[in-house]
Amino acid sequence: MRIVTASEMYAIDRYTTEQIGISEDSLMENAGQAVARVLCERIQPTARIAVLTGTGNNGGDGFVVAGVLKSYGYMTDLWLIPPKEKVKGAAKKALEIYENLGYEVKNYIGNEQEFFEQIHRYDVLIDAMLGIGVKGSVKSPYKEIIDKVNQIDKLTVYAVDIPSGVPADGGEVETAIRADVTITIQCPKLSAYTFPTADYYGELIVVDIGIPPRALETTATFRQAWVEEDVRRTLPTRNRSSHKGTYGKGIVIGGSRNMTGAITLTAKAALRSGAGLLTMAIPDDIYSVVANRIPEAMQHPCPSENGSFAGDIDFAQLDIDAIAVGPGMGRTEGTKRIVQTVLEQDVPVVLDADALFFWNEYASFVKKRTSPTIVTPHPGELARMLGVSIHDVEKNRFGVSKQFAMDYGLYVVLKGPYTIVTTPDGKQYVNTTGNPALAKGGSGDVLTGIIVAFLMQHDSVQAAVSNAVWVHGKAADFLVQKGHSPFSVLATDVIDAISPVLFQLRERIK
C-alpha cells in the first residue's frame with residue numbers, strides 16, 4: 001500500500017491515462033464503484049443519504065457514487081455545490097451519465113436555505129466536495145457548509161479520497177470535514193499519517209481502482225504502509241534443528257543508578273522477542289540491583305563512576321551478533337565513550353535514548369560503519385540531532401527522516417503515531433499499529449529490545465525493524481482490546497503482550 005503526495009498522485013493518474021492508456025472516464029467510474037461498494041456494506045438500507053460534490057475529480061467520483069447508491073434503492077440526494085457550468089472533463093461526463101439515468105441534481109446555489117434546513121434530516125453524508133488539490137484556506141461556500149456539517153452530531157460522515165479542506169501533503173488545518181470514515185482511492189496521501197491532519201480522517205479504508213503497479217513505480221517515491229500481511233510474509237520461522245545460538249547473541253548496554261529499570265525493560269523485551277542469548281552490560285554500581293531481575297540474561301558489569309558508566313567496556317570478552325545501547329545510561333562523558341566504542345564493532349547497532357544525546361560528536365563514526373546502524377529518535381531527539389525545532393521535524397516527518405537516513409547511511413526509526421522506518425537508500429515504511437497507551441515512560445526501551453532481537457533473526461534489516469515496530473504497536477493494541485485502558489498500560493504490560501501477538505501471527509501464518 002503505497003503512500004503518495006498530491007503531485008505524485010497527479011503524476012500517477014497522468015501516466016495511467018497517457019502512457020498505459022486507461023481513460024480518465026474509466027478511472028473515475030472504477031473509483032466511484034469501489035467507494036460505493038464499501039458504502040453499501042456499511043450503510044443501512046433505510047438511511048437518508050446526502051452526497052455533496054464539487055467540480056473536480058473528487059466531485060466526479062461523488063456523481064458515480066450517488067448514481068450507484070440510487071440504483072440500489074438508497075434514499076440519496078446529490079447536492080452540487082458550485083454552479084453546474086463549472087464542472088469540466090471526466091467529472092462533467094459522470095454528471096451527464098447521472099442525469100441520463102433519470103436522477104435529480106439538487107443545486108446548492110440559489111437553494112442555500114433549503115440545503116441548511118435539510119442537512120439535519122440526513123443520517124449519512126458523503127463528502128466529495130474538495131479533493132487533493134486544495135491549497136490555502138477553504139473559501140465560501142465550502143467553508144460555511146463544512147462548518148455546519150461538523151456541528152451535526154448525528155451525521156455519519158464518509159469522505160471520498162480525502163476529507164474536504166485537508167491538505168493532501170499534511171500541515172495545518174483551518175477548515176476541514178471531520179470524517180468518521182475516509183475511503184481513499186488507490187493510495188493514501190501523506191496527510192493520513194501526519195498530524196494534525198490525520199485526526200480528520202477517522203477510519204481509513206483504501207480501495208483499489210485498477211491503477212497498474214507500473215504507474216506507481218515509475219512516478220512515485222517509495223513510501224509504503226507496513227501492515228499485518230507484510231509482517232506475516234517476512235516474519236522468520238524456527239527450524240526444529242535450531243539451538244539458542246541460531247537466534248543470536250545480543251548485548252544491551254544501559255542503566256545507571258537513577259535509571260535501573262530501563263535496561264531491564266530492554267533486556268526482557270529482547271528475550272520475549274526471541275533473542276537466543278542475551279547479555280546485559282551495566283555499570284558495576286547497579287549490578288546487585290539489576291542482576292536478579294532478568295534471570296535469563298547474562299551480566300557484564302562495567303566500571304562505573306557516580307552510578308553511571310565510567311566509559312570502558314571490554315568487547316574482547318564478548319561474542320556478539322548485535323548491540324543495543326542507550327536505555328537509562330544518562331548523559332555523561334562515560335556514555336559518550338561507550339557509544340564511540342560500540343560504533344567501532346562490526347555488528348548491527350541500535351542507538352536509542354541517551355546514546356543519541358552526543359550525536360554530533362560521533363556522527364562521523366556512523367558514516368564509516370559497514371554494518372547496519374539503527375537510530376530510534378522521537379521528534380524531540382531528532383530535532384536536537386539536526387539542530388532544528390521540533391516543529392520543523394513534525395511538519396515534515398517524511399522529508400526530514402529520509403534526508404537524515406540518506407546523509408548518514410543508516411536506518412531511522414522516527415517514533416510517534418505512525419512511526420516511520422527509513423532505510424539508507426531513502427525507502428520509507430509507515431507503521432500501522434499502536435495507540436496512546438504507548439505514550440508512557442519505558443515504551444521506547446521495550447521497542448529497542450524488540451528491534452535488537454529481531455535483527456538477529458531476520459535476513460532483512462528493514463523487515464526486522466519494521467516488524468519490531470509493528471509488534472510493539474500491536475502489543476499495545478492487544479492490551480486496550482483485552483480490558484486495559486490506554487491510561488493504565490505499563491511498559492511491562494507491553495512486554496507481556498508480545499507473546500500473544502507473536503502467537504496470533506504464527507497461527508495465521510499456518
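## The nonpolar cores

In this predicted model, the largest nonpolar core has 65 residues, and Leu39 and Ile126 touch the most other members. A nonpolar core here is a set of buried Ala, Val, Leu, Ile, Met, Phe, Trp, Tyr and Cys residues joined through side-chain atoms within 4.5 Å, with buried meaning under 20% relative accessible area (1.4 Å probe, protein chains only). Helix H2 (residues 24–42) supplies the largest share of this core, eight residues.

Let's look at Leu39: beyond its neighbours within four places in sequence, Leu39 is in contact (heavy atoms within 4.5 Å) with Val65, Leu69, Ile126, Tyr158 and Ile183. A second, separate core of 56 residues includes Ala322, Val421, Leu447 and Ala464.

## The open sheet

An open sheet of mixed pairing is formed by 10 strands, in the order S8-S19-S18-S17-S16-S15-S14-S9-S10-S11. Strands are DSSP runs (E, at least two residues), as helices are (H or I, at least four), numbered from the N terminus; two strands pair if DSSP finds at least two bridges between them. At the edges, strand S8 (223–226) and strand S11 (298–302) each pair on one side only.

Strands S18 (residues 420–422) and S19 (residues 428–431) run antiparallel and are joined by three bridges. Within this pair, Ile420 stands opposite Val430 of S19.

## A helix across the strands

Helix H9 (residues 261–272) lies across strands S9 (249–253) and S10 (277–283), at about 175 degrees to S10. Axes are lines fitted to C-alpha atoms, for helices over the stretch in contact, and angles run from 0 to 180 degrees between N-to-C directions.

## Reading notes

Residues are numbered from 1 along each chain as its sequence is written, and side-chain values use heavy atoms, leaving out hydrogens and water. Local features need pLDDT of at least 70 and side-chain atom pairs count only at pLDDT 80 or more, while totals for chains, interfaces and linings use all residues.

Conventions. Buried means under 20% relative accessible area, exposed over 50%, partly exposed in between (1.4 Å probe, protein chains only).
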